[in-house]
Amino acid sequence: MNITIRAARTSDIPGLIALIDPFVEGGNVLRRTYQELGELLPNFFVAVLETSQNGTDGMGEIVGCAALEIYSPKLAEVRSLAVASKIQGQGIGRRLVSVCVERARIKNVLEVMAITTSDEFFMKCGFDYSLPGAKRALFVQTRETKDAMHPTLEQSAPTDTAPRSP
Ligand SMILES: CC(C)(COP(=O)(O)OP(=O)(O)OC[C@H]1O[C@@H](n2cnc3c(N)ncnc32)[C@H](O)[C@@H]1OP(=O)(O)O)[C@@H](O)C(=O)NCCC(=O)NCCS
């Protein structure tokens with residue numbers, strides 16, 4: 001199985017929606033509109049399953065994705081991370097997080113965060129609860145979320161720029 005990680009393209013958006021949607025039900029990933037995905041596209045990455053039929057031009061089935069949302073020169077967040085169930089546990093999630101962190105390095109962003117229920121996974125990707133100098137991230141939520149089933153996972157208007165769930 002040949003899996004390539006590459007930058008996302010506009011033509012990937014329908015495939016991204018198809019990949020992300022099943023995980024929205026479980027409350028792990030926020031639903032994304034076509035427009036939101038378009039806005040994240042400059043720092044969005046996809047894992048593509050290439051077969052002998054679709055060749056090696058990165059045009060195969062989208063089986064993973066992750067975006068780096070850059071809030072400021074100091075802070076970015078890994079968002080919309082998902083790996084198709086059929087290929088989970090093969091290191092694709094870690095590769096996707098790694099390209100997001102590398103993008104942050106290239107853009108000279110100081111810190112990358114993840115707001116997640118998969119904290120053990122992120123710890124395996126090198127994330128931790130604290131920063132050098134014994135600094136910790138603390139949060140306060142300023143309004144109710146719309147998703148009563150998953151009160152810690154916010155489903156807010158697409159125009160918001162504040163950090164939300166991945
Ligand atoms: C979380 C997710 C992205 C991980 O992707 P993946 O490709 O299966 O992960 P990897 O194979 O790269 O795993 C890397 C390591 O993390 C571990 N790991 C993976 N998922 C984990 C989880 N949910 N909890 C704890 N550890 C996990 C793996 O066992 C592996 O450990 P190892 O290096 O000791 O073998 C994937 O399970 C997924 O898409 N889940 C549903 C959506 C979701 O929860 N997204 C995250 C929102 S922030």
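**Note on the predicted fold and its ligand shell**

1. Of the 166 residues of the protein, 28% count as buried, a residue being buried if 20 or more other C-beta atoms lie within 10 Å of its own, exposed if 12 or fewer, and partly exposed in between, with C-beta atoms placed from the backbone. This is a predicted model, in which local features need pLDDT of at least 70 and side-chain atom pairs count only at pLDDT 80 or more, while totals for chains, interfaces and linings use all residues. Residues are numbered from 1 along each chain as its sequence is written.

2. The protein has four helices and seven strands, which follow one another in the pattern β-α-α-β-β-β-α-β-α-β-β; these elements are DSSP runs numbered from the N terminus (helices: H or I, at least four residues; strands: E, at least two).

3. Five strands form an open sheet in the order β1-β2-β3-β4-β5, with mixed pairing, where two strands pair if DSSP finds at least two bridges between them. The edge strands, each pairing on one side only, are β1 and β5 (111-113), and the twist from one strand to the next averages 20 degrees.

4. Strand β1 (residues 2-7) pairs with β2 in the antiparallel sense over six bridges, and the bridge partner of I3 in β2 is L49. Six bridges also join β2 to strand β3 (residues 61-70), again running antiparallel, with I62 in β3 as the bridge partner of V48. Strand β2 (residues 44-50) is itself mostly covered, five of its seven residues being buried.

5. By contrast, β4 and β5 pair in the parallel sense over three bridges, and E77 stands opposite M113 in β5. Helix α3 packs on the sheet, touching β1, β2, β3, β4 and β5, and its direction makes about 30 degrees with that of β3; such angles run from 0 to 180 degrees between N-to-C directions, the axes being lines fitted to C-alpha atoms, for helices over the stretch in contact. Contact here means that the C-beta atoms of two residues, placed from the backbone, lie within 7 Å.

6. Of the 20 residues around the ligand, N28, Q88, G93, R94 and E120 come nearest, a residue being near a molecule or strand if its C-beta atom, placed from the backbone, lies within 6 Å of it. At least two residues of this shell are supplied by each of β4 (75-83), α3 (92-106) and α4 (119-124).

7. S130 lies in strand β6 (residues 130-131) and counts as exposed because it has 9 C-beta neighbours inside 10 Å.
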